[in-house]
Each structure stands twice: as C-alpha cells, then as structure tokens.
Amino acid sequence: MSLIFEKGCNDQHLTLLPECDVPVVTLSSTREKELHLPHVCENDLTRHYTELAKKVHGVNDGFYPLGSCTMKYNPKVNEAMASLPGFINVHPHQDPSTMQGCLEVINKAEEYLCEITGMDNMSLQPAAGAHGEFTGLLLIKAYHLKNGDTQRTKIIVPDSAHGTNPASAVMAGLTVVNIPSGEDGCVDVEALRAAVGPDTAGLMLTNPNTVGIFDKNILEITQIVHDAGGLCYYDGANLNAVMGVVRPGDMGFDVIHLNLHKTFSTPHGGGGPGSGPVGCKSILSEFLPGPVVKKDGNAYVFATPENSIGRVKNFYGNFTVIVKALTYVMTLGKAGIPEASMNAVLNANYMMSQLKDTYDMAYEGPCMHEFVMTLERLHDKTGASALDIAKGLLDHGIHPPTMYFPLIVHEALMIEPTETESKETMDHVVSVFKELHKAAVENPESLHAAPLTTPVRRLDEVGAARNPILRFSFE
Amino acid sequence: MGSYVPTTDSERALMLKAIGVSSMEDLYCNVPADMMLNGNLNLPNGLSELEVARAIEKIASKNKTYHTCLRGAGSYRHFIPAVVKSVVSREELVTAYTPYQAEISQGILQAIFEFQTMICEITGMDISNASVYDGATAAAESITMCKDKKHTKAYVSATTDPQVIETMKTYCFGSDTELIVIPAKDGRTDKEALKAALGADAACFYVQQPNYYGLMEDAEELGVITHEAGAKYVMGVNPIACALMKTPAECGADIAVGDGQPLGLDIAFGGPYLGFMACTTAMMRKLPGRIVGQTTDVDGKIGYVLTLSAREQHIKREKASSNICSNQALCAFTAGVYLTAMGRTGLEGVATQSLSKAHYFASRLEELGFKRVHNGEFFHEFVTECSDAKGMLAALEAEGILGGLPVEGGILWCVTEMVSKAELDLAIETIKNWKEGV
C-alpha cells in the first residue's frame with residue numbers, strides 16, 4: 001500500500017479556507033527548504049485512511065486479551081460526552097468562572113477515584129501511567145526532602161515490575177534496588193526485609209502483581225517499608241482486579257497512579273492519549289502538581305498545593321479522556337464498579353480452568369484478572385515458542401496476549417480477558433488455543449510460518465533497527 | 001446500574017462450577033477478609049445511558065464558549081476540516097492498542113510513519129518520534145537528551161511559555177539538573193545575557209519561536225551563540241508558523257520540539273494535545289518515546305514496525321533514557337490527517353491568514369490608542385498595553401468575544417484564520433465603545 005505522499009498530484013487540494021480578507025503580510029525571513037506535504041483530493045484522502053483503518057485490529061474487531069492492558073469495551077456514550085461542544089470549545093485560559101463545568105469534571109473525577117482507591121487527594125494532570133509514576137515518585141522525593149531525609153534515595157522494585165517502574169524512579173533522581181520474587185511470583189518478604197534501611201525512599205508495587213496474583217502478605221509488606229521510614233507506591237495498572245472490592249489505600253499504599261485507559265474504559269487510540277491520575281494520602285497532598293480544583297462555597301476554583309512539586313505538563317491533564325472516565329464511573333456507580341472487577345476475575349479464572357489441562361500455568365490459581373502461561377516445556381519439546389502461538393492466533397483474528405512479560409516467566413503469555421467478554425467468546429478462544437497447541441505438537445513448522453492471512457507477515461525487526469528508515473524521503 | 005458485563009447469572013454459575021469454587025468472593029481468598037469492602041463504596045448509584053448523558057450534558061452546559069476567540073498562549077483555535085474528525089473517529093483506530101503486534105497494526109504504524117515524515121518536513125529535521133504527551137513535556141525531555149557527564153546545566157529563555165518553564169523545572173527537580181532562565185530584553189531573549197551565562201558545562205539552550213509574546217526571535221544568532229559555548233540548541237516551535245518562518249533546522253537546531261495542538265486538535269480545556277520531538281541524525285538514539293521504522297516482511301513486502309526499542313523502558317528499564325510508554329497516537333494520527341487535508345498550500349494559507357489578521361488587528365488597536373508594548377516582528381500573537389484589562393475583556397465578553405489573555409504589562413492577543421475581518425472590526429467597535437464610555 002502506498003504512502004499518502006505517493007498519491008495525488010500537486011494541483012489537487014481541498015477547498016477549506018476563504019480568501020484572506022485583510023491585507024496580506026509576510027515575514028521578513030522565511031523558510032528556504034520547500035515544504036512537502038500530501039496533495040490529494042478529499043475523495044482519495046478518505047480512501048487512503050479507510051485502507052489504513054482496515055489494516056488495524058481494535059477491541060472493536062475482536063478478542064484482545066492483553067495482560068496488564070485491560071482492553072475492555074470502550075463505551076460509545078463516553079465518546080459522545082467527550083465531544084460535547086460545551087467541552088471541546090473551552091479555551092483552557094478562560095476565567096475559571098466561565099469553565100465551571102470543566103472544573104466540576106475534574107473535581108468529581110478526583111472525588112470518585114479517591115473513593116475507589118482509598119486516597120485523600122488526586123491530581124488529574126499526568127497524561128499517562130508512566131507520567132503518573134514519575135509524578136508519584138517526585139511526591140515521595142519531596143516528602144523526604146522536606147523531612148530532611150536527604151539520604152533516602154532508594155526505591156525498591158520487584159523484578160516482576162513493568163519497565164516503566166525502574167525507569168520512572170531514575171527519572172525522579174532515585175536509585176533502583178531490585179528484589180527477587182519468590183517461587184510463588186509474589187514479593188519475597190525476607191528479601192524485602194533485607195533490602196529496607198535508612199536509605200529507603202519507598203517501594204513500588206502493583207497488587208495484584210504482574211503475574212496476576214494478589215499478594216496475601218500485602219499488609220506485612222507495606223508495614224515493613226513504613227517501619228523503615230519509606231513510603232509505598234501503588235502501580236494501578238492492575239486495578240481492574242480489585243476496583244470497588246479492595247482499596248490500595250487499605251493495603252497500606254501512600255501514593256498511587258491510575259490508568260484511565262485501562263481500568264476506566266477510555267480507548268487506547270493506537271497507543272494514546274491515556275491519562276494517569278496520581279492519588280495520595282494526606283501526608284503527600286501538599287506536594288501534588290498544581291493547579292488542583294477545590295470547592296469554594298458553590299463555586300469551583302483552582303488552587304496550588306502549598307509545597308507543590310510543580311506542573312508536570314501544560315494545562316490540566318488529558319481532559320477529554322477524563323470526561324470519558326467520569327462518564328464510565330457514573331454509569332457503573334456503586335454496584336457496577338465492583339461488578340466489573342469481580343467479573344474480570346471470574347473470566348480470567350474461567351479461561352485458566354479451561355486451558356490448564358493443555359497449557360502449563362506459571363502459577364497455581366486462583367488468579368486475579370489475568371493469568372500467565374509458560375510455554376517453556378512446549379518450546380523445548382516441539383520448538384514452537386510463545387511467539388509462534390501468538391502469531392498463530394493472528395490467523396484466527398484474535399489479538400495475541402501479552403508476550404514475554406513479566407521477565408520472571410519464560411516463554412510467557414499473559415492473558416487478561418476483562419469483564420466485557422462473553423462466555424461464548426471465551427469458549428471460542430479457548431478452542432483456538434487448544435487447536436494451536438495441537439498444531440505445535442503435530443506440525444510446529446506451520447506455526448513458524450504464521451501469520452499467513454494478515455496484511456503483512458512476520459516483519460524483519462532486526463533489519464529495521466540496524467538500518468533505520470524513519471521517514472519517507474522526497475528526494 | 002449501568003453495566004457492560006454480558007455474562008448472565010446462569011453462565012456465571014456454570015463458570016464458577018468449572019473453576020471449582022462456589023462464589024465470586026471465593027476468588028478473592030488471598031485478600032485479608034477485613035480488607036474486602038463488601039459493597040461499602042460511597043459512590044452514587046449507577047445510571048442508565050440516558051441518565052448519564054443528561055447528567056454530563058448538564059455539567060457541560062455550565063461552561064461558556066465563545067464564537068470569536070482572540071486568546072492563544074499555548075492553545076490555538078484553528079479551523080478543523082470535517083474530514084479530520086470523520087476519519088479519526090473510526091473504531092479500528094480509536095480502540096486499537098499500541099502496535100506491538102505489527103502484522104495487525106499496519107494502519108496505525110503507517111499513519112505514524114507518515115506523521116513522522118510530516119514533522120520532519122515541517123521542522124526540517126532528520127528524525128521525528130511518534131509523539132509525546134505535549135509541547136511542555138517534549139521541552140523537558142529534550143534536556144535529558146542533551147545532558148552528559150560534562151554538560152550538566154540547562155538554559156531556557158524567559159520568553160518561553162511559563163507553563164513550559166514550570167514543567168522543565170519539575171523534570172529538573174527529578175533529574176537534579178540546574179535550570180537557568182536567561183532574561184528577556186524588550187520581549188526577546190537577551191543575547192548578551194545568554195553569551196555571558198553559557199559555560200563549558202552548558203548542556204542546552206531552549207528558545208520558543210515565535211516566543212510566548214508572539215515575537216520572532218533571532219533564532220539563527222541564538223543558535224550560533226549556543227553552539228559556540230559547546231551546548232545543544234533546542235527550539236520549541238509552533239508548527240503552523242513553520243510553514244512560513246525559517247525552520248529550526250535552518251536555524252541550526254539540534255532538537256526541535258513543540259505542541260501539535262494547532263494541527264487539527266480541539267482546544268478542549270487543555271488536552272489531550274500533542275508533543276512532537278524531532279532531531280538531527282546524530283541525536284537519533286537519544287530520542288525518547290516510540291519510533292516507527294520501515295522494513296520488509298518474509299515475502300519482501302514493505303511494512304512498518306516500532307523500532308530502536310533498545311532506547312525504551314520495556315527493554316532498558318532503569319537504563320532507559322525516559323520512562324515514557326504511552327504516546328499521543330490518536331492525536332498524532334489526527335495531525336497527519338489535518339496536514340493531509342490542508343496540504344502545503346492550505347497550511348501556508350492558515351499561517352498567512354493568522355499572521356495577516358493579527359497584524360490588521362494590531363494596527364486597528366493602535367489606532368484606538370492601544371499600542372504594542374514590544375517593538376519586534378511578530379507572528380500571530382502580540383501584547384498591547386491596557387491599564388484596565390478586566391474592563392476591556394468584560395466588554396468583549398458581553399459580545400461573545402473571548403479577548404486576549406491578561407499578562408503583565410497588558411493583554412496578549414492571538415488571531416487565527418478562524419476570525420473574519422468582520423469579527424475583528426466588531427471587536428474594535430466594542431473596544432472603542434467601551435473606551436469612550438469609560
């Protein structure tokens with residue numbers, strides 16, 4: 001398929017603007033290099049993007065069991081609310097008295113999300129999960145600095161953690177201490193006890209963890225860190241297992257981030273925009289990025305926390321994403337929020353029960369909202385890897401699960417169905433997995449060749465990195 | 001209660017039996033019993049779709065919107081062709097995940113490759129990434145790109161958007177980087193102050209073009225000064241202005257960043273917007289975030305993949321140059337569609353009309369006695385004196401006009417192609433009447 005630059009010709013254009021109705025002004029110094037942009041008529045423009053859209057598999061196209069990504073259904077009412085002219089036409093520099101609706105959205109989102117997570121305050125400013133992690137770690141840093149604990153620079157991270165955790169710690173100017181996970185995939189409590197000390201700033205953890213298990217030692221874990229003078233950070237990526245059922249605030253966490261584009265149903269958009277609000281207990285509220293929204297009598301106003309770490313981006317956050325999440329929370333409400341998470345856990349356990357006689361599970365059940373299979377034995381026996389099974393799924397119109405993560409499991413496939421999948425869909429997917437297992441045993445070659453029916457087949461990723469071609473050249 | 005759970009009670013019973021437990025609560029056996037909320041969640045009851053739509057629409061109606069917008073300062077109201085929103089609302093694109101499984105994500109990957117190409121064309125730079133959160137975080141991330149063991153201090157012009165400087169400060173608090181602000185002189189970067197400030201340990205100097213006050217900086221000269229000190233030159237640019245002005249590449253920039261919001265994104269109370277980052281080939285491996293590259297498949301067909309992943313967090317973890325994972329993919333896609341719809345002539349048209357209308361408005365304001373506070377050349381924003389900004393803006397507001405932003409010294413105005421001459425003349429009339437009534 002050709003690129004947009006290869007279509008149309010120079011004289012083709014849309015008729016979008018009227019003539020300039022004031023005297024034309026030019027800049028004294030102008031660009032010399034010619035600007036090459038596409039030149040197509042509107043008909044060919046829409047055809048080009050239709051062709052591109054047909055080569056994308058979204059949640060709307062089929063099962064999307066990406067572990068740790070929570071690819072649940074994206075409700076269309078959320079999209080409609082986020083497109084209301086009363087929201088999209090508001091200029092962020094308007095006087096707050098003329099933006100009371102927007103401020104109410106931020107305030108309500110904070111209130112509801114704090115209730116769900118057991119936090120006292122929240123900033124809706126961070127644009128994504130990693131951005132939230134960075135922000136939350138800065139809160140921890142600021143807290144220790146204010147207390148004169150300049151030696152508290154170490155962040156403890158389990159080796160099962162998502163890559164953004166240690167990367168965020170480093171961006172926050174802290175050092176990472178990796179601790180091994182136990183045999184059961186959970187935090188090795190003795191290793192944690194050995195790792196904490198007067199230089200501990202905090203611990204970063206997700207619970208349920210990245211292998212889909214709720215760590216039953218969680219209270220002991222957070223206590224150990226608190227006793228050593230550190231704070232506990234909760235990576236909210238897996239909140240879909242416990243939303244409305246258990247609260248991170250009750251597990252002993254002091255600061256959290258949420259992924260609205262995971263747990264709270266906002267669409268992934270091919271990689272963004274997301275939203276990563278940061279919630280905290282009151283000991284950290286004074287450090288939150290500003291401005292935050294407060295209620296002053298009947299009106300909403302902006303306020304900057306007393307010892308704010310400062311902005312982490314322009315304006316107030318990915319606002320229309322927040323509108324979608326708020327619509328979702330208000331739709332589900334008191335009963336719907338825990339119903340979602342409990343059914344997410346039910347679905348994962350159901351799929352695990354149906355697959356455990358065919359595939360090896362990395363850890364024994366019950367799992368939470370996701371489970372990890374290990375294909376190490378299958379690979380050794382047949383030569384078919386997790387990658388091969390994943391590519392085989394593509395030929396069945398099913399998006400593969402998360403592959404090769406977490407790093408502590410070999411040949412990992414992490415499956416998260418979410419609560420919005422029907423039993424019918426899950427039963428079909430289970431049968432496909434079983435078929436692929438059969439193929440791996442009887443004819444692994446067929447899987448090495450997969451996928452066969454997708455718009456392109458396996459791509460040369462090594463070549464792409466070795467000889468990077470990162471743009472179209474007009475020469 | 002609103003719900004998106006399709007499972008029926010009888011299906012649930014079957015599933016529980018297959019798992020081997022008797023109730024949903026049994027699945028939470030690892031959770032300490034007294035931690036379970038058991039329904040004790042202080043949220044309002046869920047709503048049907050009709051009710052929630054009514055409730056949210058009511059909230060939206062509490063906002064005021066204006067038919068004429070003369071305010072910019074980092075958020076610009078430009079014309080968005082209908083085809084842009086139509087294309088971008090396609091379900092496949094909206095609901096897709098990050099294109100890690102390249103075979104079924106070619107549409108997104110190709111669209112991002114096209115976006116990267118367009119950013120390179122606009123800025124003149126060699127390489128672009130697949131976007132970051134916004135212009136402010138792009139500016140902050142550019143500092144990390146420039147730092148090394150010997151070059152540790154970051155410099156930024158005081159004529160930069162205050163929100164960008166604030167964001168840089170926060171990121172520098174994280175990385176323990178000293179950030180020094182170079183003062184302004186008559187609204188533009190003080191070149192003598194810059195020359196004096198840059199030492200051998202300077203990592204980079206950042207300037208916004210056009211700057212926060214709408215003025216055109218001597219970007220080429222600032223680049224020379226920066227390079228003479230051995231530092232990297234970073235420019236934060238308005239992508240619309242790049243259609244006309246000297247590109248960052250032509251000014252010697254090592255890195256060009258900015259916010260792509262003017263390229264087809266709603267002003268929307270500030271987000272989501274679109275950070276872009278482009279650089280020279282020499283700095284390619286320092287670029288944070290996702291990058292799409294071209295390659296071939298086993299049949300020799302051209303395809304696209306996320307590439308150079310060894311820079312990123314999922315590979316390098318604590319050794320990664322940035323923690324960034326999500327980008328603003330759908331916003332980048334939107335910008336690509338906008339730029340395709342506009343084409344070169346369209347983008348030049350938007351830039352020319354914005355520039356021209358701003359100058360028309362400035363001259364008419366001057367006739368009324370509201371002179372510009374700065375003398376330099378400007379693009380589509382400018383600051384005029386105004387002793388009673390509040391009063392003037394209230395008069396405009398009564399006519400449904402959002403006037404410029406009150407800043408120190410007066411009002412920062414912005415005019416884009418969206419504002420007709422008739423609207424500008426009405427604004428002038430309104431101000432004239434207010435002034436005479438005072």
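Predicted model: local features only at pLDDT ≥ 70, side-chain atom pairs only at ≥ 80, totals over all residues.
In strand S12 of chain B, Tyr304(B) is the bridge partner of Gln294(B). That pair belongs to an antiparallel arrangement in which five bridges join strand S11, residues 292-296 of chain B, to S12(B).

Let me turn to another sheet of chain B. Here three strands make an open sheet in the order S13-S16-S15, with antiparallel pairing. Which strands stand at the edges? They are S13(B), residues 381-384, and S15(B), residues 405-407; each has a single partner strand, so one side of each is left without a neighbour in the sheet. On average, neighbouring strands of this sheet are turned by 30 degrees against each other, direction ignored. Four bridges connect S13(B) with S16(B), residues 410-414, in the antiparallel sense. Within that pairing, Val383(B) is placed opposite Leu412(B) of S16(B).

A helix accompanies this sheet. Helix H12 of chain B, residues 389-398, lies across S15(B) and S16(B), and runs at about 35 degrees to S16(B). Its buried residues are Ala389(B), Gly391(B), Met392(B), Leu393(B), Ala395(B) and Leu396(B). What do the buried residues of H12(B) pack against? Their partners are strands S14 (401-402), S15 and S16, together with helix H13 (421-437), of chain B. After H12(B) comes Gly400(B), with a positive phi near 75 degrees.

I now move to the interface of the two chains. In chain A, 200 residues are in contact with 182 residues of chain B. The area buried between the chains is about 16200 Å², and carbon and sulfur atoms give 64% of that area. Turning to polar interactions, 89 residue pairs are in polar contact between chain A and chain B, counting pairs with both residues at pLDDT 80 or more. Helix H11 of chain A, residues 319-355, provides 28 residues, the largest share of the side of chain A that touches chain B. There are also 11 salt bridges across this interface. One salt bridge between the chains joins the side chains of Lys62(B) and Glu104(A), at 2.9 Å from N to O.

One residue of chain B deserves a separate word here. Tyr28(B) is placed in the loop between helix H1 (9-19) and helix H2 (49-60) of chain B. Is Tyr28(B) buried or exposed? Its relative accessibility is 2%, so Tyr28(B) counts as buried. Leaving aside residues up to four places away in sequence, Tyr28(B) touches Ala241(A), Val242(A), Val245(A), Ser341(A), Met342(A), Val345(A) and Met368(A), as well as Met36(B). A polar atom of the Tyr28(B) side chain is 2.7 Å from the backbone oxygen of Ala241(A).

I close with a loop residue of chain A. Ser275(A) is found between strand S6 (255-257) and strand S7 (278-280) of that chain. With a relative accessibility of 0%, Ser275(A) counts as buried. Beyond residues up to four places away in sequence, the residues that Ser275(A) touches include Leu124(A), Pro126(A), Ala127(A) and Ala128(A). Also among them are Leu258(A), Asn259(A), Leu260(A) and His261(A), along with Val321(A) and Ile322(A).

Conventions
Residues numbered from 1 in each chain as written. Chains lettered and ligands numbered in written order. Heavy atoms only, no water. Pairing = 2+ DSSP bridges. Helix = DSSP H or I, 4+ residues; strand = E, 2+ residues; numbered from the N terminus. Axes fitted to C-alpha atoms, helices over the stretch in contact; angles between N-to-C directions. Contact = heavy atoms within 4.5 Å. Buried < 20%, exposed > 50% of the residue type's maximum accessible area, 1.4 Å probe, protein only. Polar contact = N/O pair within 3.5 Å; in protein donor to acceptor, adjacent residues only side chain to side chain. Buried area = accessible area lost by both parts, 1.4 Å probe. Salt bridge = Lys/Arg side-chain N within 4 Å of Asp/Glu carboxyl O.
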